[in-house]
Amino acid sequence: MSKSTQRGIIALFANNSVAANLLMAFILIMGTVSYFLIQRQMFPNFEINYISVTASYPGVSAQEIEETILIKVEESLKDVTEIKKGGDRRLPRWWCGDIGD
């Protein structure tokens, strides 16, 4: 009888059960070790890298929005030391659509 000349990882493990069992034992041991060593937290710590403030004030001009909302928000955030960049972007009404009307 001639031996089969199959090649590949599946053929290797099908012909060599000791190698397959050693690989299985290695995977199980490493999985158990990593289960006990991995860091887990119920509520992990993370940083929020940006903040977005959206205000809709229908029927009011851009000047009034700046005076009543934008300046007050900027003054409130002025003392926060972690803010590196501040600015405002006003979108035209046609861009935002008629939300809330």
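Student: Where is Val53 found?
Tutor: Val53 sits in the loop between α2 and α3. Helices here are DSSP runs of H or I, at least four residues, and strands are runs of E, at least two, numbered from the N terminus. This is a predicted model: local features need pLDDT of at least 70, side-chain atom pairs count only at pLDDT 80 or more, and totals for chains, interfaces and linings use all residues. Residues are numbered from 1 along each chain as its sequence is written, and side-chain values use heavy atoms, with hydrogens and water left out.

Student: Is Val53 buried or exposed?
Tutor: Buried means under 20% relative accessible area, exposed over 50%, partly exposed in between (1.4 Å probe, protein chains only). Val53 has 53%, so Val53 is exposed. From C-alpha to C-alpha, Val53 and Leu70 are 9.4 Å apart in space and 17 residues apart in sequence.

Student: How many helices and strands are in the protein chain?
Tutor: Four helices and zero strands. The order from the N terminus is α-α-α-α. Of the 101 residues, 2% are buried.

Student: What does Glu67 contact with its side chain?
Tutor: A polar contact is a pair of N or O atoms within 3.5 Å; within protein, one must be able to donate a hydrogen and the other to accept it, and residues adjacent in sequence count only if both atoms are side-chain atoms. The Glu67 side chain meets the Gln63 side chain at 2.9 Å. Glu67 belongs to helix α3 (residues 62–77). Its relative accessible area is 46%, so Glu67 is partly exposed.

Student: How many aromatic pairs are there?
Tutor: A pair of aromatic rings is described by the distance of the centres and the angle of the planes. Rings of Phe, Tyr and Trp (its six-membered ring) pair if their centres lie within 6.5 Å; planes under 30 degrees apart are stacked, over 60 edge-to-face, the rest tilted. The count is one. Tyr35 and Phe36 have ring centres 5.2 Å apart and planes at 80 degrees, so the pair is edge-to-face. Tyr35 and Phe36 are both exposed.

Student: Which residue lies over the face of Tyr35?
Tutor: A charge sits over a ring if NZ of Lys or CZ of Arg is within 6 Å of the ring centre and within 35 degrees of the ring normal. Here Arg40 does, at 5.0 Å from the ring centre.
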